Amino acid sequence: MATSVAASRIVIGLPDIRRNGGEIRLTIPILNGGEVALSRLLITSITLGSAGLLSPPGWPIHLNTLGASNSATVAARFSDQGLVEGANLLLTVRGSYQVGDVSYGLTLTRFLKVPAPGVRPDYELLAAVQSAMTNGLWSYSIVNREPASSTQHIATFAIDIHAPVTVTGVPPGWAVDTDSLTYVLWYAADLAPPYPSHVAPGATLAGFQLAAAGGRSEVTGSSLVAWDHATDQSGRVFADHVLTPYRLT
Amino acid sequence: MIFMLKIRRLAAVFRRHTCFIKLMIMASAFAANAHAAELRITPDVFNLTFVPGPTQVVTGSITNITGVDLLTSDIFFSLSGYPADALTIDVLLGLDPLPLPDRTRTDNLDFFSITFSDTGAVFAPFTIEALAFDVNGNFAEPFVLNVQAQVQGVPEPSSGLLVMAGLLLVRQRFIRRSPAVC
């Protein structure tokens, strides 16, 4: 088998690490310091010592082509339960890439210190997206985890897709906008206060669903945007990964 | 004659300034080191044999001439270039942090373990490319581990036939030499 010495310059850069709300959030830069572009770069696992993985909900994450002297980022969330501030944890990112037509394995590591708990940024919505796939149907539910006193109500739910899909589920009071190939955007159809279809703090809304051929999943990005009922303007945002139909190769 | 005088003068200058010249030589030696590899990662072996199942640990030494004291947890490995489904690599270096003072060499360190996959036999030799760098951005020279082909344990069909023929021959002779019971 041919080797690809140029790929030996692929490393983890200095991750952005934040800890709040019982979670550790990592944004991990992956740097290609070699002289050859790496195509079909897939991330197939991310571990952080013994910390429990909260997101992504599955694998792989496609980073596509990583050019020479270029970088890409991948995000992950872990539970901070049982972690000691200042302790060293080994971050391990595993995956694969192609040079030419040949596929190679990849194991990247870096030690990170557990930071002190911090404050959640003002722009960040406290929320969650749950995704599952059964029999060719991808189902989603969204959870507003803001405190009861919060004025942030979830108004839109968007996901990236890379395969032809059919939207088979739209919750009551919501509508959908999609090109059936690259994005799906569900949004609350309310036009005026009191916006009864918005997802209130503490509430969960299910019924978002896609159908696609193949029955195989990958992980892509998703976002929730809240509407601030106090100011009647766009509010906080939450970004995460979800399971979506596997892309066309 | 003039040439000889010049040589003698030069020798006198050299004798007078011996200490200074020695200092200059030492300084240039340090300067040369500053441009050499500041972090040296040397595995004990460069050749491994593909054996499915058991874990093999790659050990080696680290020479720290980065100018600062380090811990083993300040050094990170990136491993690539191997068949994606053939093995799993777990980094061991730094899990129990040890001091790596500046200008020291530490032997017998566990770098990482390799567990070869049980499924999908790999018969072609391949390599694992290893790159290490420290928390301050000093990169060691990459090294390559050569993984030899898995040894096939299944006998060839012709060998099996030969063994069968031999057994039949022995059986025939045994039957001929056996005395009649009645």
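**A tour of the two chains**

Begin with strand E16 of chain A, residues 204–211: strand E13 of chain A is joined to E16 by 3 bridges, and the two run antiparallel. This is a predicted model. To see one of the pairs, select A:Thr166, whose bridge partner in E16(A) is A:Ala211.

E13 and E16 belong to an open sheet of 4 strands in chain A, ordered E10-E11-E16-E13 and paired antiparallel. The edges are strand E10 (127–134) and strand E13 (166–169) of chain A, each of which pairs on one side only. From one strand to the next, the twist averages 25°.

Select residues 183–188 of chain A, which form strand E15. Its covered face carries A:Val184, A:Trp186 and A:Ala188, while A:Tyr183, A:Leu185 and A:Tyr187 make up the uncovered one. In a regular strand, side chains alternate between the two faces of the sheet.

E14(A) and E15(A) form a hairpin with 4 residues between them, and in the turn A:Ser180 has a positive phi of about 65°.

**The two domains of chain A**

Colour chain A by its domain assignment: domain 1 covers 5–113 and domain 2 covers 127–245. The centres of these domains, taken over C-alpha atoms, are separated by 26 Å. In the contact, 8 residues of domain 1 meet 8 residues of domain 2. The domain 1 side divides into 5 nonpolar and 3 polar residues, with no charged ones.

Select the loop between strand E5 (53–55) and strand E6 (61–66) of chain A, where A:Pro56 is placed. The peptide bond from A:Ser55 to A:Pro56 is cis, with omega near 10°. A:Pro60 lies in the loop between E5 and E6 as well, and a cis peptide bond, with omega about 5°, joins A:Trp59 to A:Pro60.

Move on to A:Asn64, in strand E6 of chain A. A:Asn64 is not a glycine, yet its phi is positive, about 60°. Is A:Asn64 buried or exposed? With 12 other C-beta atoms within 10 Å, A:Asn64 is exposed, since a residue counts as exposed at 12 or fewer.

Then select A:Ala72, in strand E7 (residues 70–79) of chain A. A:Ala72 counts as partly exposed because it has 18 C-beta neighbours inside 10 Å. Apart from neighbours within four places in sequence, A:Ala72 is in contact with A:Ile30, A:Leu63 and A:Leu66. For a sense of scale, draw a distance from A:Ala72 to A:Ser197: the two are 125 residues apart in sequence and 37 Å apart in space, C-alpha to C-alpha.

**Where chain A meets chain B**

Show both chains and select their contact, which takes 22 residues from each of chain B and chain A. On the chain B side, strand E5 (75–82), strand E6 (87–91) and strand E9 (126–134) are the elements that give two or more residues. E5(B) supplies the largest share, 7 residues. This side of chain B divides into 15 nonpolar, 6 polar and 1 charged.

Strand E9 (residues 102–113) of chain A pairs with E5(B) in the antiparallel sense over 4 bridges. In that pairing, A:Leu108 stands opposite B:Ser78.

**Inside chain B**

Select strand E10 (residues 143–148) of chain B. Strand E2 (residues 47–49) of chain B pairs with E10(B) in the parallel sense over 3 bridges, and B:Asn47 is opposite B:Asn146. E9(B), by contrast, is antiparallel to E10(B) and joined to it by 5 bridges, with B:Phe126 opposite B:Val147.

Continue to B:Asn108, in strand E8 (residues 104–116) of chain B. Phi of B:Asn108 is positive, near 55°, in a residue other than glycine. B:Asn108 is exposed, having 8 other C-beta atoms within 10 Å.

**Last stop: the nonpolar core**

Which residues have the most contacts inside the largest nonpolar core? They are A:Ile142, A:Leu224, B:Phe77, B:Phe112 and B:Ala132, in a core of 90 residues. Centre on A:Leu224: beyond four places in sequence, the residues it touches include A:Leu125, A:Val129, A:Ile142 and A:Phe238.

How values were computed
Residues numbered from 1 in each chain as written. Chains lettered and ligands numbered in written order. Predicted model: local features only at pLDDT ≥ 70, side-chain atom pairs only at ≥ 80, totals over all residues. Pairing = 2+ DSSP bridges. Axes fitted to C-alpha atoms, helices over the stretch in contact; angles between N-to-C directions. Buried ≥ 20, exposed ≤ 12 C-beta atoms within 10 Å, placed from the backbone. Contact = placed C-beta atoms within 7 Å. Nonpolar A, V, L, I, M, F, W, Y, C, P; charged D, E, K, R; others polar. Domains from an automatic or database assignment. Core = buried A, V, L, I, M, F, W, Y, C linked by C-beta atoms within 7 Å.
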